[in-house]
Amino acid sequence: MVPQKKKLKISTGEKDFRKALLNILEDVDRERKRAEEEKDKTLSIITNFSDGLLFFDKEKKLSLINPQAGKFFKVKSGDVIGKAFSELAAIPTVAPVISLVGGALAEIFRQEAKIREDLVLETSAIPIMSGKEKTGTLLVLHDVTREKTIEKMKTEFVSLAAHQLRTPLSAIKWALRMFIDGDLGQLSSEQIEMIQKTYQSNERMVSLINDLLDTTRIEEGKYLFKPVLTDIEPIMQFVVGSYREEAKRRNIILEFNRPQERTPKAVVDVEKIRIAIQNIIDNAVKYTPSGGRVTVSLNYDKKELEVIIKDTGLGIPKDQKERIFSKFFRGSNIIKVETDGSGLGLFIAKNIIEAHGGRIGFESEEGKGTTFYFFLPIKEEFAEFLKEF
């Protein structure tokens with residue numbers, strides 16, 4: 001008889017172990033496939049993303065560039081991948097973005113870089129973190145060429161329209177002035193009153209046109225600069241003095257506080273800094289109710305002059321504070337009280353002060369008043385003044 005082979009018995013424990021191992025392998029394979037799908041999906045998004053994307057690793061070497069960024073810079077990914085951040089500065093089309101971000105790959109948000117005449121990129125540099133460790137930096141490049149072109153066209157139209165309007169308004173102004181002064185014959189008191197109202201309306205139109213022209217010059221970068229080394233105190237005294245009668249008429253106390261000692265000098269465009277101060281004081285006087293107070297103060301330390309304009313007026317609504325320096329913005333509570341106004345005064349003031357290397361801010365509570373303050377760098381020595389040129 002042929003001996004029968006013994007059947008190999010597998011214990012229940014071994015069966016369970018094998019089954020569990022197969023399940024684990026199936027789970028791993030499933031997760032691997034899912035990870036590959038997610039990777040493919042992410043790569044597809046990056047590849048087809050309408051914005052340009054550049055990723056720099058911890059060593060500041062370019063490890064990813066999507067096709068859109070390649071189109072912006074007119075480069076092939078194979079020619080730039082692996083290159084150090086500093087090496088990319090040698091490529092003319094990439095250089096403006098590299099210059100904007102800086103060698104330290106600083107975090108920036110929506111800053112513009114002009115690549116060429118027909119391409120302006122809005123650039124954001126975002127640090128990529130893994131826990132508390134920085135693993136790299138992502139640059140996001142958004143094409144804003146069309147928006148900038150439209151903005152330029154709008155600015156040019158406003159400038160042209162304002163210039164065309166200013167000439168006839170000036171002619172109307174002087175004609176009305178001649179009637180009021182009696183140069184064209186005597187008028188009755190009723191006629192003079194009517195012409196004076198027309199003259200005031202014309203003056204408001206002239207003021208609006210001037211604000212529009214100032215705004216277009218700011219946007220074109222042509223607004224400043226005729227700098228001189230001068231004392232700011234006489235400029236402030238002149239502006240405050242020009243509002244004495246208006247404050248008295250409105251039953252508002254207007255005071256000017258200045259240091260007992262002579263204030264240091266600053267490099268300013270006298271005409272423009274006067275406009276900035278005037279715009280802020282004008283708002284303070286205009287929007288402070290009868291019986292209120294407007295206090296203008298001048299202070300200084302070793303490095304800066306500080307101008308403070310405080311009022312007990314209507315204040316700024318909390319939900320509208322972020323828009324206070326925007327073009328054409330007027331608070332909802334202001335419009336109800338004073339319908340006139342262009343909403344350009346604070347926009348112009350902010351740009352003037354920042355063009356002088358200064359900074360501006362405010363504190364306000366609706367119904368209790370507003371305090372505007374701005375700082376200008378001191379340039380006391382003439383040699384220091386010359387360094388600006």
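Visitor: In which sense do strand S10 and strand S12 pair, and over how many bridges?

Guide: This is a predicted model. In it, strand S10 (residues 304-311) and strand S12 (residues 369-377) are paired in the antiparallel sense, over 7 bridges.

Visitor: Which residue stands opposite Val 307?

Guide: Val 307 has Phe 374 of S12 opposite.

Visitor: What is the strand order of the sheet?

Guide: The order is S7-S9-S10-S12-S11, an open sheet of 5 strands with mixed pairing. Strand S7 (253-257) and strand S11 (359-365) are the edge strands, each pairing on one side only. From one strand to the next, the twist averages 10°.

Visitor: Which strands does helix H12 touch?

Guide: Helix H12 (residues 345-355) packs on the sheet and touches S11 and S12. The direction of H12 makes about 25° with that of S12.

Visitor: Now the helices. Why do residues three or four places apart point the same way?

Guide: An α-helix has 3.6 residues a turn, so residues at that spacing point the same way.

Visitor: Which residues of helix H8 are buried?

Guide: In helix H8 (residues 233-242), the buried residues are Glu 233, Ile 235, Met 236, Val 239 and Val 240. Viewed down the axis of H8, they fall within an arc of 155°, so they line one face of the helix.

Visitor: At what angle do the axes of H8 and helix H10 cross?

Guide: The axes of H8 and helix H10 (residues 270-286) cross at roughly 45° and come within 10 Å. Angles from 65 to 115 degrees count as roughly perpendicular and those under 35 degrees as roughly parallel; H8 and H10 are therefore oblique to each other. The crossing in which H8 passes H10 is right-handed.

Visitor: Which residues of H8 and H10 meet?

Guide: On the H8 side they are Ile 235, Met 236, Phe 238, Val 239 and Val 240. The H10 side supplies Val 270, Ile 273, Arg 274, Ile 277, Gln 278 and Ile 281.

Visitor: Turning to the backbone, what is the phi of Lys 60?

Guide: Lys 60 has a positive phi of about 65°, although it is not a glycine. Lys 60 lies in the loop between strand S1 (52-57) and strand S2 (62-65). Its relative accessibility is 32%, so Lys 60 counts as partly exposed.

Visitor: Where does Asn 251 lie?

Guide: Asn 251 is in the loop between helix H9 (244-249) and S7. Asn 251 is not a glycine either, yet has a positive phi of about 60°. With a relative accessible area of 48%, Asn 251 is partly exposed, as exposed begins over 50%.

Technical notes
Residues are numbered from 1 along each chain as its sequence is written. This is a predicted model: local features need pLDDT of at least 70, side-chain atom pairs count only at pLDDT 80 or more; totals for chains, interfaces and linings use all residues. Side-chain values use heavy atoms; hydrogens and water are left out. Buried means under 20% relative accessible area, exposed over 50%, partly exposed in between (1.4 Å probe, protein chains only). Helices (H or I, at least four residues) and strands (E, at least two) are DSSP runs, numbered from the N terminus. The arc is that of the directions from the helix axis to the C-beta atoms. Two strands pair if DSSP finds at least two bridges between them. Axes are lines fitted to C-alpha atoms, for helices over the stretch in contact, and angles run from 0 to 180 degrees between N-to-C directions. Contact means heavy atoms within 4.5 Å. Angles under 35 degrees count as roughly parallel, over 145 as roughly antiparallel, 65 to 115 as roughly perpendicular and the rest as oblique. A crossing is left-handed if the near helix is turned anticlockwise from the far one by less than a right angle, and right-handed if clockwise.
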